[in-house]
Amino acid sequence: ATALVSPALFGGWGIRSLATTMACYNQLSYHNGSVWPHNNAITVAGLMHYGFISEGHVVARSLLRAAQHFGGSLPELFSGLSRDDVETP
């Protein structure tokens, strides 16, 4: 749970598909660093189920913040750019 919300995997908009520390990481790649809301939702459910409530809340809130930039719904995926670096996902 700690790793999932660490800066290597979590950029503030959601959990990336690959950590920034990985050699093939590319925040704009389809599978190598993008954020997949569906996968994040499943991860939130798992975190909550296993008692990692604060980590689950961090990820859930990030998805809700991202959804505000997409008219209230989330796309299939979006870039893994850090929230510190961009104003919108």
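Modeller: Leu64 is exposed, with a relative accessible area of 59% (exposed means over 50%, buried under 20%, and partly exposed in between, with a 1.4 Å probe and protein chains only). This is a predicted model, in which local features need pLDDT of at least 70 and side-chain atom pairs count only at pLDDT 80 or more, while totals for chains, interfaces and linings use all residues. Residues are numbered from 1 along each chain as its sequence is written, and side-chain values use heavy atoms, with hydrogens and water left out.

Leu64 belongs to helix H2 (helices are DSSP runs of H or I with at least four residues, strands are runs of E with at least two, and both are numbered from the N terminus). Between Leu64 and Asn26 there are 38 residues of sequence separation, and their C-alpha atoms are 23 Å apart.

H2 covers residues 53-68, and its partner H1 covers residues 37-49; their axes come within 8 Å and cross at roughly 155° (axes are lines fitted to C-alpha atoms, for helices over the stretch in contact, and angles run from 0 to 180 degrees between N-to-C directions). H1 and H2 are therefore roughly antiparallel to each other, a term for angles over 145 degrees, whereas under 35 counts as roughly parallel, 65 to 115 as roughly perpendicular and the rest as oblique. The crossing of the two helices is left-handed, that is, the near helix is turned anticlockwise from the far one by less than a right angle; clockwise would be right-handed.

On the H1 side, Pro37, Asn40, Ala41, Val44, Leu47 and Met48 meet Ile53, Glu55, Gly56, His57, Val59, Ala60 and Leu63 of H2 (contact means heavy atoms within 4.5 Å). Sorted by class, nine residues in this contact are nonpolar, three polar and one charged. Here Ala, Val, Leu, Ile, Met, Phe, Trp, Tyr, Cys and Pro count as nonpolar, Asp, Glu, Lys and Arg as charged, and the others, Gly among them, as polar.

Beyond four places in sequence, Asn40 is in contact with Gly14, Ile15, Val35, Val59 and Leu63. A polar atom of the Asn40 side chain lies 2.6 Å from the backbone nitrogen of Ile15.

Val35, in the segment before H1, is also buried, with a relative accessible area of 2%. Residues up to four places away in sequence aside, Val35 touches Trp13, Gly14, Ile15, Arg16, Asn40, Glu76, Leu77, Phe78, Ser79 and Gly80.

Ser34 lies in the segment before H1 and is buried, at 1% relative accessibility. The side chains of Ser34 and Trp36 make a polar contact of 3.0 Å (a pair of N or O atoms within 3.5 Å; within protein, one must be able to donate a hydrogen and the other to accept it, and residues adjacent in sequence count only if both atoms are side-chain atoms). Among the residues in contact with Ser34 beyond four places in sequence are Ile15, Arg16, Leu77 and Phe78.

Glu76 sits in the segment after H2. Glu76 and Trp36 are 40 residues apart in sequence, with 6.2 Å between their C-alpha atoms. Not counting residues up to four places away in sequence, Glu76 touches Tyr30, Val35, Trp36 and Pro37. The side chain of Glu76 also makes a polar contact with the side chain of Tyr30, at 3.2 Å.
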